[in-house]
Amino acid sequence: MIKTDALIIGAGPTGLFTAHQLKLIGLNCEVVDNLDKIGGQCIELYPDKPIYDIPAVPECTGEELTNNLINQLKPFDIKFHLSERVEEVKKNNENWQIKTNKGTEFSTPNIIIAGGVGSFEPRKFSPKECENFENKSLFYSIKDKSIFKGKTVSIFGGGDSALDWAIELSKDSKINLIHRRDEFRGAQATVDKMNELAKSSKINLFTKYQLKSVNGKEILESIDIEHDNKEIKNLKSDYVLGFFGLIMQLGPIANWGLNIDKKTISVDTEKFETNQKGIYAVGDICTYPGKLKLILSGFHEGALAARACFKLARPNEKYRFEFTTTSTNLLKRLGKKE
Amino acid sequence: MPKITYIEHNGKSHTIEVANGLSVMEGAVQNNIPGIDADCGGSMACATCHVYVKEEWFNKLPKKEDGEEDMLDMAFEPKTNSRLSCQLMVSEQIDGLVVNLPEKQV
């Protein structure tokens, strides 16, 4: 059981700056995020897209913003729990007990939800029966590529993940690559390589097709794919892989007794506290009259929520407002003074 | 004000007036039309405001910009007449537009 002054859920820009604010005022914190990397939507959805409305930063990409925020956290020691999703939140006397899907447990008076639009999950195939084969012969990510050796693998998608795996697995497996249109959005070199392999029949390419159904009882036998013109083809397949990017799902947050409206959590604008004492929501996931879904709003919300955490984490101390330009305390925490 | 008709997957139809300059997505969200999630808020990063545009309208709309087709790869059951409604700006030219909503967005 990890004891901490505050637990932040979400390692996007808002979660990162909130961590900064907590550490600056002398509280410790840990961060959990379902993605395998830090940065949230900035890193997952638009790492290369420029952002123009961060105060005092005329232009930066999602990746640059993330790296700058990580740099800003350098003076502090913050533990990140990546590829973990918070499943359970329960009240135990004064503290919240938190459990992740990997079994990590926390005890804290403060939980700050900086969860964006929820946790990122792979986008799945639409035919219902796909669920029956999921994680057996149908996957949305690859953990052990050796299982595909000598097998027939049908890969769906038009981005780098689909192309990279089609190329990689074509060395030892029979590959069908299926995409809904002629164009691929992967890197040009990867697309060229794939086309080369398709020409030499190392990859069977099917464009303008989508998955219609998967067939088999216990074991996957074949799949049906449908062309834009409704023509259906049956492909023998031992495995099916889908690479359609990630979607955002609110997930377990919906079960924690919070006031949720249209996938956002209602908060007050003094502490950014939810209807549950000691649970705050900041960034895109919170809502209040006048809410703007901007990164700069998330920074403000996180700064205020961090101050609210102080009261519950240090009930016998009084929080004193200080500036980083002048406060010896703050400069010590920032490593700028002995 | 231009009228936009949103038809849910179950056939329920909503015709509403949407102010010029808003997107077809914003028209739906502001009027609580179920079936358009718009998780990313209109930054063309999520494909959860996906709609099907009736044929007679599809060719009248401004062409897709770079990135929209890529994003549609990730939509739920994209078709040749798919668009992201966050990229469709409301104006007098599209008064009467009819869009069909997919079974779900994710």
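Start by selecting chain B, whose secondary structure comes to 3 helices and 5 strands. Follow chain B along its sequence and the order of these elements reads β-β-α-β-α-α-β-β. The radius of gyration of chain B is 12 Å, close to the 13 Å that the globule rule gives for 106 residues, so chain B is as compact as a globular protein of that length. Bear in mind that this is a predicted model.

Stay with chain B and show its C-alpha atoms. Taken along the principal axes, they fill a box of roughly 30 × 25 × 25 Å. Of the 106 residues in chain B, 38% count as buried. Now consider the contacts in chain B between residues at least 6 apart in sequence: 67% of them join residues at least 24 apart.

Next, show both chains and look at where they touch.

Move to chain A and select helix H1, residues 13–24, together with helix H3, residues 62–72. The axes of these two helices come within 9 Å and cross at roughly 15°. An angle under 35 degrees counts as roughly parallel, and H1(A) and H3(A) are therefore roughly parallel to each other. The crossing of H1(A) over H3(A) is left-handed. To see the contact itself, display the side chains of A:Pro13, A:Leu16, A:Phe17 and A:His20 on H1(A), then those of A:Leu65, A:Thr66, A:Leu69, A:Ile70 and A:Gln72 on H3(A). Sorted by class, this contact has 6 nonpolar, 3 polar and no charged residues.

Which residues of H5(A) are buried? They are A:Ser161, A:Ala162, A:Leu163, A:Trp165, A:Ala166 and A:Leu169.

H5(A) passes H6(A) in a crossing that is left-handed. On the H5(A) side, pick out A:Asp160, A:Leu163, A:Asp164, A:Ala166 and A:Ile167; they meet A:Thr190, A:Val191, A:Lys193, A:Met194 and A:Leu197 in H6(A). The residues of this contact divide into 6 nonpolar, 1 polar and 3 charged.

For the last stop, centre the view on A:Met194, which sits in helix H6, residues 188–199, of chain A. Is A:Met194 buried or exposed? A residue counts as buried if 20 or more other C-beta atoms lie within 10 Å of its own. A:Met194 is buried because 23 other C-beta atoms lie within 10 Å. Leaving aside neighbours within four places in sequence, A:Met194 is in contact with A:Leu163, A:Ala166, A:Ile167 and A:Ile203. Finally, select A:Lys208, which is 14 residues from A:Met194 along the chain. The C-alpha atoms of A:Met194 and A:Lys208 are separated by 16 Å.

Technical notes. Residues are numbered from 1 along each chain as its sequence is written. Chains are lettered from A and ligands numbered from 1 in the order in which they are written. This is a predicted model: local features need pLDDT of at least 70, side-chain atom pairs count only at pLDDT 80 or more; totals for chains, interfaces and linings use all residues. Helices (H or I, at least four residues) and strands (E, at least two) are DSSP runs, numbered from the N terminus. A residue is buried if 20 or more other C-beta atoms lie within 10 Å of its own, exposed if 12 or fewer, and partly exposed in between; C-beta atoms are placed from the backbone. Two residues are in contact if their C-beta atoms, placed from the backbone, lie within 7 Å. Axes are lines fitted to C-alpha atoms, for helices over the stretch in contact, and angles run from 0 to 180 degrees between N-to-C directions. Angles under 35 degrees count as roughly parallel, over 145 as roughly antiparallel, 65 to 115 as roughly perpendicular and the rest as oblique. A crossing is left-handed if the near helix is turned anticlockwise from the far one by less than a right angle, and right-handed if clockwise. Ala, Val, Leu, Ile, Met, Phe, Trp, Tyr, Cys and Pro count as nonpolar, Asp, Glu, Lys and Arg as charged, and the others, Gly among them, as polar. The radius of gyration is taken over C-alpha atoms; the globule rule is 2.2 Å times the number of residues to the power 0.38.
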